[in-house]
Amino acid sequence: MASTVTTDGRKKERVVILGSGWAGYGCLRALDPNKYERIMISPRSYFVFTPLLAGTAVGTLEFRAVLEPVRRLGPDKFHQGWADDIDFARKVIRVEANITDGLASRTRLIMKHRLDGNRQKGELFDVEYDKLIIAVGSYSQTFGIEGVREHANFLRDVGDARKIRIKILQSFEKAALPITSENDRKKLLHFAIVGGGPTGIEFAAELHDLIRDDLVKIYPELMKFVNITVYDVAPKVLPMFDKTLADYAMERFNREGIKVKTEHHLTRIRLDEECEGCLKLKIKEYGDEEVGAGIVVWSTGLMQNPLIQKLEAKSFKLPGSDTEMQLHRNPKTGGIITAENGLRVNIIPHDAASASPEAQQAKATLLPDVYAIGDCTMVSGVALPATAQVASQQAAYLAKRLNKGDMEQKPFKFKNLGTMTYLGNWTAIHQSNIDEMKGWMAWVLWRTAYLTRSMSIRNKITVPFYWAISWIFGRDISRF
(Lines give C-alpha, C1' and ligand atoms only; values in the text may rest on other atoms or scores of the structure.)
Protein backbone atom coordinates (compact mmCIF):
# COMPACT_ATOMS: atom_id res chain seq x y z
CA MET A 1 0.00 0.00 0.00
CA ALA A 2 1.39 3.40 -1.01
CA SER A 3 1.58 5.65 2.05
CA THR A 4 3.57 8.72 3.05
CA VAL A 5 5.96 9.01 5.97
CA THR A 6 5.91 11.45 8.91
CA THR A 7 8.84 13.69 9.85
CA ASP A 8 9.98 11.22 12.52
CA GLY A 9 10.00 8.32 10.05
CA ARG A 10 6.63 6.72 10.92
CA LYS A 11 4.43 5.53 8.11
CA LYS A 12 1.20 7.51 7.71
CA GLU A 13 -1.95 5.58 7.07
CA ARG A 14 -3.79 6.69 3.96
CA VAL A 15 -7.36 7.77 4.71
CA VAL A 16 -9.55 8.25 1.65
CA ILE A 17 -12.75 10.27 2.10
CA LEU A 18 -15.53 9.95 -0.48
CA GLY A 19 -17.62 13.11 -0.70
CA SER A 20 -17.21 16.82 0.15
CA GLY A 21 -20.55 17.46 1.85
CA TRP A 22 -21.20 18.06 5.55
CA ALA A 23 -19.85 14.65 6.52
CA GLY A 24 -16.87 14.39 4.18
CA TYR A 25 -15.70 17.99 4.44
CA GLY A 26 -16.12 18.05 8.21
CA CYS A 27 -14.09 14.87 8.57
CA LEU A 28 -11.28 16.14 6.32
CA ARG A 29 -11.20 19.38 8.29
CA ALA A 30 -10.82 17.62 11.65
CA LEU A 31 -8.55 14.70 10.68
CA ASP A 32 -4.96 15.06 11.93
CA PRO A 33 -2.65 15.69 8.92
CA ASN A 34 0.37 14.71 11.02
CA LYS A 35 -1.05 11.24 11.61
CA TYR A 36 -2.81 10.47 8.32
CA GLU A 37 -2.33 10.96 4.62
CA ARG A 38 -5.66 12.58 3.74
CA ILE A 39 -7.12 12.03 0.28
CA MET A 40 -10.53 13.27 -0.81
CA ILE A 41 -12.51 12.08 -3.83
CA SER A 42 -15.54 14.16 -4.83
CA PRO A 43 -17.19 15.29 -8.08
CA ARG A 44 -17.07 18.88 -6.85
CA SER A 45 -14.08 20.71 -5.45
CA TYR A 46 -15.94 22.61 -2.74
CA PHE A 47 -18.27 22.31 0.24
CA VAL A 48 -21.70 24.02 0.16
CA PHE A 49 -23.20 25.56 3.28
CA THR A 50 -26.68 24.31 2.33
CA PRO A 51 -28.80 26.14 4.99
CA LEU A 52 -28.06 29.45 3.24
CA LEU A 53 -28.53 28.15 -0.31
CA ALA A 54 -32.11 29.49 -0.59
CA GLY A 55 -30.76 32.99 0.08
CA THR A 56 -28.36 32.73 -2.85
CA ALA A 57 -31.21 31.68 -5.17
CA VAL A 58 -32.94 35.04 -4.62
CA GLY A 59 -29.87 37.29 -4.47
CA THR A 60 -29.78 37.87 -0.69
CA LEU A 61 -26.32 36.27 -0.65
CA GLU A 62 -23.71 35.74 -3.35
CA PHE A 63 -22.83 32.18 -4.27
CA ARG A 64 -19.21 32.44 -3.14
CA ALA A 65 -20.38 33.24 0.41
CA VAL A 66 -21.73 29.70 0.88
CA LEU A 67 -18.79 27.86 -0.68
CA GLU A 68 -15.62 26.48 0.93
CA PRO A 69 -12.92 25.19 -1.46
CA VAL A 70 -11.72 21.72 -0.48
CA ARG A 71 -8.10 22.42 -1.39
CA ARG A 72 -7.90 25.21 1.23
CA LEU A 73 -7.92 22.46 3.87
CA GLY A 74 -4.65 21.19 2.41
CA PRO A 75 -5.46 17.53 1.71
CA ASP A 76 -2.48 15.48 0.56
CA LYS A 77 -4.43 14.80 -2.64
CA PHE A 78 -7.79 15.74 -4.09
CA HIS A 79 -9.31 13.87 -7.04
CA GLN A 80 -12.33 15.43 -8.73
CA GLY A 81 -14.51 12.50 -9.68
CA TRP A 82 -17.06 9.92 -8.57
CA ALA A 83 -16.25 6.71 -6.76
CA ASP A 84 -17.55 4.21 -9.33
CA ASP A 85 -16.86 1.01 -7.37
CA ILE A 86 -14.92 -0.30 -4.35
CA ASP A 87 -12.96 -3.53 -4.02
CA PHE A 88 -13.06 -4.09 -0.26
CA ALA A 89 -10.80 -7.17 -0.45
CA ARG A 90 -7.99 -5.33 -2.25
CA LYS A 91 -8.72 -1.94 -0.63
CA VAL A 92 -8.98 -0.20 -3.99
CA ILE A 93 -11.46 2.43 -5.20
CA ARG A 94 -12.30 2.74 -8.90
CA VAL A 95 -12.81 6.46 -9.68
CA GLU A 96 -14.54 8.08 -12.64
CA ALA A 97 -12.94 11.46 -13.39
CA ASN A 98 -15.18 14.52 -13.59
CA ILE A 99 -13.67 17.47 -15.48
CA THR A 100 -16.93 19.38 -16.05
CA ASP A 101 -17.52 21.89 -13.25
CA GLY A 102 -21.12 22.61 -14.28
CA LEU A 103 -22.03 18.92 -14.09
CA ALA A 104 -21.04 18.69 -10.42
CA SER A 105 -23.02 21.77 -9.33
CA ARG A 106 -26.37 21.02 -11.02
CA THR A 107 -28.49 18.32 -9.36
CA ARG A 108 -30.56 17.68 -12.49
CA LEU A 109 -27.43 17.11 -14.60
CA ILE A 110 -25.80 14.91 -11.96
CA MET A 111 -28.91 12.71 -11.72
CA LYS A 112 -29.09 12.41 -15.49
CA HIS A 113 -25.39 11.50 -15.63
CA ARG A 114 -25.25 9.11 -12.68
CA LEU A 115 -28.63 7.38 -13.00
CA ASP A 116 -28.34 6.65 -16.71
CA GLY A 117 -27.12 3.06 -17.01
CA ASN A 118 -26.25 3.51 -20.70
CA ARG A 119 -24.18 6.66 -20.31
CA GLN A 120 -20.63 7.12 -21.52
CA LYS A 121 -18.33 7.02 -18.49
CA GLY A 122 -15.40 9.37 -18.00
CA GLU A 123 -11.79 8.26 -17.62
CA LEU A 124 -11.33 5.63 -14.87
CA PHE A 125 -8.43 5.25 -12.43
CA ASP A 126 -7.72 3.41 -9.16
CA VAL A 127 -6.95 4.79 -5.70
CA GLU A 128 -5.72 2.57 -2.85
CA TYR A 129 -6.62 3.13 0.79
CA ASP A 130 -5.64 2.02 4.27
CA LYS A 131 -8.83 3.39 5.79
CA LEU A 132 -11.94 4.43 3.87
CA ILE A 133 -14.64 6.90 4.91
CA ILE A 134 -17.81 6.71 2.81
CA ALA A 135 -19.63 10.07 2.95
CA VAL A 136 -21.19 10.30 -0.51
CA GLY A 137 -24.52 11.70 0.67
CA SER A 138 -27.80 11.13 -1.15
CA TYR A 139 -29.78 12.29 -4.17
CA SER A 140 -33.13 14.07 -4.45
CA GLN A 141 -36.05 11.67 -4.38
CA THR A 142 -38.35 12.00 -7.42
CA PHE A 143 -40.57 8.93 -6.72
CA GLY A 144 -40.48 8.13 -10.42
CA ILE A 145 -42.95 10.95 -11.17
CA GLU A 146 -43.03 11.79 -14.86
CA GLY A 147 -41.19 14.96 -15.82
CA VAL A 148 -39.58 15.75 -12.45
CA ARG A 149 -36.00 14.96 -13.45
CA GLU A 150 -36.45 16.76 -16.77
CA HIS A 151 -38.33 19.91 -15.75
CA ALA A 152 -38.19 20.53 -11.98
CA ASN A 153 -35.51 22.65 -10.31
CA PHE A 154 -33.75 21.16 -7.30
CA LEU A 155 -32.02 23.19 -4.58
CA ARG A 156 -29.00 21.23 -3.38
CA ASP A 157 -26.02 23.04 -4.92
CA VAL A 158 -24.92 26.47 -6.17
CA GLY A 159 -25.60 25.51 -9.79
CA ASP A 160 -29.19 24.78 -8.79
CA ALA A 161 -29.50 28.12 -7.00
CA ARG A 162 -28.05 30.03 -9.97
CA LYS A 163 -30.47 28.31 -12.35
CA ILE A 164 -33.43 29.18 -10.10
CA ARG A 165 -32.35 32.83 -9.81
CA ILE A 166 -32.09 33.16 -13.59
CA LYS A 167 -35.45 31.44 -14.12
CA ILE A 168 -37.25 33.72 -11.64
CA LEU A 169 -35.93 36.87 -13.29
CA GLN A 170 -36.58 35.52 -16.78
CA SER A 171 -40.19 34.85 -15.82
CA PHE A 172 -40.68 38.45 -14.71
CA GLU A 173 -39.01 39.87 -17.82
CA LYS A 174 -41.13 37.71 -20.14
CA ALA A 175 -44.29 38.60 -18.21
CA ALA A 176 -43.43 42.31 -18.57
CA LEU A 177 -43.39 42.14 -22.37
CA PRO A 178 -46.40 43.86 -24.01
CA ILE A 179 -46.96 40.80 -26.22
CA THR A 180 -47.49 38.48 -23.21
CA SER A 181 -51.15 37.74 -22.48
CA GLU A 182 -52.64 37.99 -18.99
CA ASN A 183 -53.21 34.24 -18.93
CA ASP A 184 -49.54 33.60 -19.71
CA ARG A 185 -48.49 36.13 -17.07
CA LYS A 186 -50.44 34.16 -14.48
CA LYS A 187 -48.64 31.00 -15.52
CA LEU A 188 -45.15 32.56 -15.66
CA LEU A 189 -45.52 34.20 -12.25
CA HIS A 190 -46.90 31.15 -10.47
CA PHE A 191 -43.99 29.76 -8.45
CA ALA A 192 -44.67 26.18 -7.32
CA ILE A 193 -42.66 24.57 -4.51
CA VAL A 194 -43.15 20.83 -3.99
CA GLY A 195 -42.25 19.72 -0.47
CA GLY A 196 -43.28 21.22 2.85
CA GLY A 197 -40.06 20.58 4.77
CA PRO A 198 -37.65 23.31 5.94
CA THR A 199 -35.97 23.66 2.51
CA GLY A 200 -39.24 24.20 0.65
CA ILE A 201 -40.67 26.52 3.29
CA GLU A 202 -37.49 28.61 3.53
CA PHE A 203 -37.26 28.98 -0.24
CA ALA A 204 -40.90 30.12 -0.39
CA ALA A 205 -40.15 32.67 2.34
CA GLU A 206 -36.97 33.93 0.65
CA LEU A 207 -38.78 34.21 -2.70
CA HIS A 208 -41.60 36.18 -1.09
CA ASP A 209 -39.05 38.56 0.47
CA LEU A 210 -37.42 39.10 -2.95
CA ILE A 211 -40.76 39.92 -4.56
CA ARG A 212 -42.07 42.09 -1.71
CA ASP A 213 -38.86 44.05 -1.06
CA ASP A 214 -37.29 44.38 -4.51
CA LEU A 215 -39.26 43.20 -7.52
CA VAL A 216 -42.41 45.10 -6.53
CA LYS A 217 -40.50 48.34 -7.19
CA ILE A 218 -39.42 47.20 -10.66
CA TYR A 219 -42.55 45.37 -11.81
CA PRO A 220 -45.43 46.98 -9.84
CA GLU A 221 -47.92 46.26 -12.63
CA LEU A 222 -47.15 42.50 -12.42
CA MET A 223 -47.80 41.99 -8.70
CA LYS A 224 -51.45 41.05 -9.24
CA PHE A 225 -50.31 38.04 -11.26
CA VAL A 226 -47.79 36.69 -8.71
CA ASN A 227 -48.59 33.52 -6.77
CA ILE A 228 -46.42 31.30 -4.57
CA THR A 229 -47.78 27.83 -3.76
CA VAL A 230 -46.30 25.07 -1.59
CA TYR A 231 -47.59 21.56 -2.34
CA ASP A 232 -47.14 18.61 0.01
CA VAL A 233 -48.62 15.11 0.22
CA ALA A 234 -48.65 15.11 4.04
CA PRO A 235 -51.55 16.44 6.17
CA LYS A 236 -49.29 19.23 7.47
CA VAL A 237 -46.03 20.90 6.54
CA LEU A 238 -42.95 21.14 8.79
CA PRO A 239 -43.69 17.80 10.51
CA MET A 240 -40.53 18.03 12.61
CA PHE A 241 -42.02 20.98 14.54
CA ASP A 242 -44.80 20.72 17.10
CA LYS A 243 -48.30 21.84 16.13
CA THR A 244 -48.05 25.29 17.74
CA LEU A 245 -44.99 26.32 15.74
CA ALA A 246 -46.22 24.70 12.51
CA ASP A 247 -49.55 26.53 12.87
CA TYR A 248 -47.68 29.79 13.48
CA ALA A 249 -45.76 29.22 10.24
CA MET A 250 -48.99 28.64 8.33
CA GLU A 251 -50.55 31.77 9.83
CA ARG A 252 -47.53 33.79 8.68
CA PHE A 253 -47.77 32.35 5.17
CA ASN A 254 -51.52 33.00 4.98
CA ARG A 255 -50.96 36.59 6.03
CA GLU A 256 -48.29 37.03 3.36
CA GLY A 257 -50.43 35.43 0.66
CA ILE A 258 -48.34 32.26 0.25
CA LYS A 259 -50.66 29.34 -0.45
CA VAL A 260 -50.01 25.96 1.21
CA LYS A 261 -51.75 22.96 -0.32
CA THR A 262 -51.41 19.88 1.89
CA GLU A 263 -52.54 16.38 0.87
CA HIS A 264 -51.93 17.23 -2.79
CA HIS A 265 -50.27 14.61 -4.98
CA LEU A 266 -48.32 15.78 -8.02
CA THR A 267 -48.39 13.09 -10.72
CA ARG A 268 -46.73 14.77 -13.72
CA ILE A 269 -44.80 17.81 -14.89
CA ARG A 270 -44.67 18.68 -18.58
CA LEU A 271 -43.87 21.62 -20.83
CA ASP A 272 -46.70 23.97 -21.71
CA GLU A 273 -46.98 24.06 -25.51
CA GLU A 274 -49.05 27.26 -25.41
CA CYS A 275 -46.70 29.32 -23.21
CA GLU A 276 -42.95 29.30 -23.80
CA GLY A 277 -41.06 28.92 -20.52
CA CYS A 278 -44.12 27.60 -18.67
CA LEU A 279 -44.88 24.19 -17.17
CA LYS A 280 -48.07 22.21 -16.63
CA LEU A 281 -48.59 20.37 -13.32
CA LYS A 282 -51.02 17.47 -13.08
CA ILE A 283 -52.32 17.05 -9.55
CA LYS A 284 -54.35 14.01 -8.55
CA GLU A 285 -56.90 15.98 -6.51
CA TYR A 286 -57.69 18.28 -9.49
CA GLY A 287 -58.66 15.48 -11.89
CA ASP A 288 -57.87 16.31 -15.52
CA GLU A 289 -57.31 20.01 -14.81
CA GLU A 290 -53.64 21.05 -15.00
CA VAL A 291 -51.99 23.92 -13.12
CA GLY A 292 -49.67 26.30 -14.97
CA ALA A 293 -46.38 27.43 -13.40
CA GLY A 294 -43.27 29.33 -14.40
CA ILE A 295 -41.00 27.23 -12.24
CA VAL A 296 -41.25 24.13 -10.03
CA VAL A 297 -38.77 23.85 -7.16
CA TRP A 298 -38.56 20.25 -5.94
CA SER A 299 -37.71 19.46 -2.32
CA THR A 300 -39.42 16.23 -1.28
CA GLY A 301 -36.88 13.94 0.37
CA LEU A 302 -33.86 11.81 -0.39
CA MET A 303 -32.91 8.67 -2.29
CA GLN A 304 -29.74 6.63 -1.96
CA ASN A 305 -26.63 7.48 -3.94
CA PRO A 306 -26.08 5.13 -6.95
CA LEU A 307 -22.71 4.07 -5.47
CA ILE A 308 -24.42 2.84 -2.30
CA GLN A 309 -27.00 0.93 -4.33
CA LYS A 310 -24.22 -0.66 -6.38
CA LEU A 311 -22.15 -1.64 -3.32
CA GLU A 312 -25.15 -3.11 -1.49
CA ALA A 313 -26.12 -5.24 -4.49
CA LYS A 314 -22.82 -7.10 -4.74
CA SER A 315 -21.12 -9.75 -2.60
CA PHE A 316 -17.43 -10.13 -1.87
CA LYS A 317 -14.93 -12.28 0.02
CA LEU A 318 -12.46 -10.82 2.48
CA PRO A 319 -8.84 -12.06 2.58
CA GLY A 320 -8.54 -15.35 4.49
CA SER A 321 -12.26 -16.14 4.29
CA ASP A 322 -14.37 -18.22 1.91
CA THR A 323 -17.66 -16.72 3.07
CA GLU A 324 -19.52 -14.48 0.65
CA MET A 325 -20.32 -11.22 2.44
CA GLN A 326 -22.29 -8.10 1.60
CA LEU A 327 -22.96 -4.72 3.17
CA HIS A 328 -25.61 -4.65 5.87
CA ARG A 329 -28.46 -2.56 4.43
CA ASN A 330 -31.35 -0.84 6.14
CA PRO A 331 -34.44 -2.13 4.29
CA LYS A 332 -36.44 1.08 4.83
CA THR A 333 -33.94 3.78 3.82
CA GLY A 334 -31.44 1.72 1.84
CA GLY A 335 -28.63 3.20 3.95
CA ILE A 336 -25.51 1.33 5.02
CA ILE A 337 -25.83 0.17 8.63
CA THR A 338 -22.90 1.13 10.86
CA ALA A 339 -21.91 0.28 14.42
CA GLU A 340 -22.37 2.89 17.14
CA ASN A 341 -18.75 2.45 18.17
CA GLY A 342 -16.59 4.07 15.53
CA LEU A 343 -19.33 4.25 12.85
CA ARG A 344 -17.72 1.23 11.19
CA VAL A 345 -19.58 -0.45 8.34
CA ASN A 346 -21.47 -3.64 9.14
CA ILE A 347 -21.41 -6.66 6.82
CA ILE A 348 -23.51 -9.84 6.82
CA PRO A 349 -23.19 -13.22 5.09
CA HIS A 350 -24.69 -13.14 1.61
CA ASP A 351 -27.04 -16.03 2.46
CA ALA A 352 -28.51 -13.95 5.33
CA ALA A 353 -29.70 -11.16 3.03
CA SER A 354 -33.26 -12.50 2.94
CA ALA A 355 -33.43 -13.12 6.68
CA SER A 356 -35.34 -10.95 9.15
CA PRO A 357 -33.68 -7.72 10.38
CA GLU A 358 -33.14 -9.32 13.78
CA ALA A 359 -31.44 -12.38 12.26
CA GLN A 360 -29.27 -10.17 10.06
CA GLN A 361 -28.20 -8.09 13.05
CA ALA A 362 -27.23 -11.26 14.95
CA LYS A 363 -24.91 -12.28 12.12
CA ALA A 364 -23.48 -8.81 11.43
CA THR A 365 -19.73 -8.25 11.72
CA LEU A 366 -17.48 -5.27 11.00
CA LEU A 367 -15.88 -4.53 7.64
CA PRO A 368 -12.21 -3.79 8.47
CA ASP A 369 -11.04 -0.18 8.05
CA VAL A 370 -14.25 1.06 6.40
CA TYR A 371 -16.42 3.76 7.97
CA ALA A 372 -19.58 5.48 6.76
CA ILE A 373 -21.15 8.77 7.85
CA GLY A 374 -23.86 11.15 6.70
CA ASP A 375 -27.06 10.68 4.70
CA CYS A 376 -25.99 7.39 3.14
CA THR A 377 -25.90 5.57 6.50
CA MET A 378 -27.99 4.38 9.43
CA VAL A 379 -26.46 3.81 12.86
CA SER A 380 -27.46 0.36 14.15
CA GLY A 381 -30.41 0.56 16.51
CA VAL A 382 -30.70 4.35 16.28
CA ALA A 383 -33.15 6.38 14.17
CA LEU A 384 -31.49 9.64 13.15
CA PRO A 385 -32.73 12.25 10.64
CA ALA A 386 -30.80 12.78 7.42
CA THR A 387 -29.71 16.32 8.30
CA ALA A 388 -26.57 18.44 8.14
CA GLN A 389 -26.51 18.50 11.95
CA VAL A 390 -26.25 14.71 12.17
CA ALA A 391 -23.66 14.50 9.38
CA SER A 392 -21.41 17.19 10.88
CA GLN A 393 -21.54 15.60 14.36
CA GLN A 394 -20.69 12.19 12.91
CA ALA A 395 -17.76 13.74 11.03
CA ALA A 396 -16.39 15.38 14.17
CA TYR A 397 -16.86 12.18 16.19
CA LEU A 398 -15.16 9.91 13.63
CA ALA A 399 -12.21 12.26 13.11
CA LYS A 400 -11.69 12.51 16.86
CA ARG A 401 -11.78 8.73 17.32
CA LEU A 402 -9.35 8.20 14.41
CA ASN A 403 -7.01 10.88 15.74
CA LYS A 404 -7.00 9.23 19.16
CA GLY A 405 -7.05 5.67 17.84
CA ASP A 406 -9.73 4.53 20.31
CA MET A 407 -12.64 3.35 18.17
CA GLU A 408 -14.04 1.15 20.97
CA GLN A 409 -13.76 3.83 23.63
CA LYS A 410 -16.95 5.80 23.08
CA PRO A 411 -20.10 5.22 20.94
CA PHE A 412 -21.52 7.97 18.77
CA LYS A 413 -24.26 9.95 20.46
CA PHE A 414 -26.22 12.57 18.56
CA LYS A 415 -26.83 15.82 20.41
CA ASN A 416 -29.94 17.53 19.03
CA LEU A 417 -29.20 21.26 18.94
CA GLY A 418 -32.66 22.09 17.64
CA THR A 419 -34.35 22.83 14.33
CA MET A 420 -34.84 26.24 12.75
CA THR A 421 -36.79 27.47 9.73
CA TYR A 422 -36.97 30.97 8.24
CA LEU A 423 -40.51 32.20 7.50
CA GLY A 424 -39.80 35.49 5.75
CA ASN A 425 -40.09 39.14 6.79
CA TRP A 426 -37.53 38.76 9.57
CA THR A 427 -39.38 35.97 11.36
CA ALA A 428 -38.50 32.32 12.02
CA ILE A 429 -39.33 29.39 14.27
CA HIS A 430 -36.94 27.41 16.47
CA GLN A 431 -37.49 24.23 18.45
CA SER A 432 -35.12 22.23 20.64
CA ASN A 433 -35.32 19.87 23.59
CA ILE A 434 -35.15 22.77 26.05
CA ASP A 435 -37.05 25.64 24.41
CA GLU A 436 -39.23 26.93 21.60
CA MET A 437 -39.06 30.31 19.92
CA LYS A 438 -40.91 32.16 17.17
CA GLY A 439 -40.98 35.56 15.53
CA TRP A 440 -38.20 38.13 15.35
CA MET A 441 -36.10 36.65 18.18
CA ALA A 442 -36.10 33.27 16.44
CA TRP A 443 -34.93 35.06 13.27
CA VAL A 444 -32.03 36.62 15.19
CA LEU A 445 -31.12 33.17 16.53
CA TRP A 446 -31.47 31.70 13.01
CA ARG A 447 -29.03 34.18 11.50
CA THR A 448 -26.61 34.04 14.43
CA ALA A 449 -26.51 30.23 14.43
CA TYR A 450 -25.87 29.97 10.69
CA LEU A 451 -23.26 32.70 10.83
CA THR A 452 -21.31 31.04 13.64
CA ARG A 453 -21.49 27.66 11.89
CA SER A 454 -20.02 29.00 8.64
CA MET A 455 -16.82 27.03 8.21
CA SER A 456 -14.14 29.66 7.44
CA ILE A 457 -13.34 33.08 8.89
CA ARG A 458 -13.61 34.43 5.34
CA ASN A 459 -17.26 33.42 5.05
CA LYS A 460 -18.00 34.54 8.61
CA ILE A 461 -17.11 37.99 7.27
CA THR A 462 -18.60 37.81 3.77
CA VAL A 463 -22.01 36.44 4.83
CA PRO A 464 -22.96 39.39 7.13
CA PHE A 465 -21.41 41.75 4.57
CA TYR A 466 -23.78 40.53 1.84
CA TRP A 467 -26.70 40.54 4.28
CA ALA A 468 -25.96 44.21 5.00
CA ILE A 469 -25.56 45.06 1.31
CA SER A 470 -28.93 43.44 0.52
CA TRP A 471 -30.62 45.28 3.38
CA ILE A 472 -29.22 48.70 2.40
CA PHE A 473 -29.19 48.52 -1.40
CA GLY A 474 -31.57 45.65 -2.18
CA ARG A 475 -30.93 42.15 -3.50
CA ASP A 476 -28.85 41.39 -6.57
CA ILE A 477 -31.32 40.90 -9.43
CA SER A 478 -28.75 40.54 -12.22
CA ARG A 479 -28.93 37.48 -14.49
CA PHE A 480 -25.65 35.71 -15.18
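Which side chain meets Asp213 in a salt bridge? It is the side chain of Arg475, at 3.4 Å from N to O. A salt bridge here is a side-chain nitrogen of Lys or Arg within 4 Å of a carboxyl oxygen of Asp or Glu.

Before I go on, a word on the model. This is a predicted model, where local features need pLDDT of at least 70, side-chain atom pairs count only at pLDDT 80 or more, and totals for chains, interfaces and linings use all residues. Residues are numbered from 1 along each chain as its sequence is written, and side-chain values use heavy atoms, with hydrogens and water left out.

Back to our pair. Arg475 sits in the segment after α14 (457–473). Asp213 sits in helix α8. They are 262 residues apart, so this pair links distant parts of the chain. Helices (H or I, at least four residues) and strands (E, at least two) are DSSP runs, numbered from the N terminus.

Buried or exposed? Let me give the cut-offs. Buried means under 20% relative accessible area, exposed means over 50%, and partly exposed is in between, with a 1.4 Å probe and protein chains only. Arg475 has 14% relative accessibility, so it counts as buried. Asp213 has 25%, so Asp213 counts as partly exposed.

Now stay in helix α8, residues 198–218. Arg212 forms a salt bridge with Asp209, with the closest N and O atoms 3.6 Å apart. Both residues lie in this helix, three residues apart, which is about one turn. Asp209 is buried, at 2% relative accessible area. Arg212 is partly exposed, at 28%.

How many salt bridges does a search of the whole structure find? The search finds 27. One of them joins Glu37 to Arg14, with the closest N and O atoms 3.3 Å apart. Glu37 is in strand β2 (residues 36–42) and Arg14 is in strand β1 (residues 13–18). The two are 23 residues apart, and again distant parts of the chain are linked. Glu37 is buried, at 2% relative accessibility. Arg14 is buried too, at 8%. As a general point, side chains of opposite charge can pair when their charged atoms come close.

Next, sheets. Strands of a sheet pair through backbone hydrogen bonds, either parallel or antiparallel. Two strands count as paired if DSSP finds at least two bridges between them.

Five bridges join β14 to β15 (residues 279–283). Leu271 has Leu279 in β15 as its bridge partner.

Here is another open sheet. Its three strands run in the order β24-β25-β26, and the pairing is antiparallel. The edge strands are β24 (419–424) and β26 (436–439). In this sheet the twist averages 10 degrees from one strand to the next. Strand β25 (residues 427–431) pairs with β26 over four bridges. Look for Ile429: its bridge partner in β26 is Lys438.

What lies across these strands? Helix α13 (residues 440–453) lies across β24, β25 and β26, at about 105 degrees to β26.

Helix α12 has 17 residues and reaches 24 Å from its first C-alpha to its last, close to the 24 Å expected at 1.5 Å a residue. The expected span is 1.5 Å times one less than the number of residues. Twelve of the 17 residues are buried, so α12 is mostly covered. Among them are Gln389, Tyr397 and Leu402. What covers the buried residues includes α1 (22–30), β2, β22 (365–372) and α13. Just after α12, Gly405 takes a positive phi of about 70 degrees.

Last stop: Thr338, in strand β20 (residues 336–338). Thr338 is buried, with a relative accessible area of 0%. Contact means heavy atoms within 4.5 Å. Leaving aside neighbours within four places in sequence, the contacts of Thr338 include Leu343, Ala372 and Val379.

Note on methods:
Axes fitted to C-alpha atoms, helices over the stretch in contact; angles between N-to-C directions.
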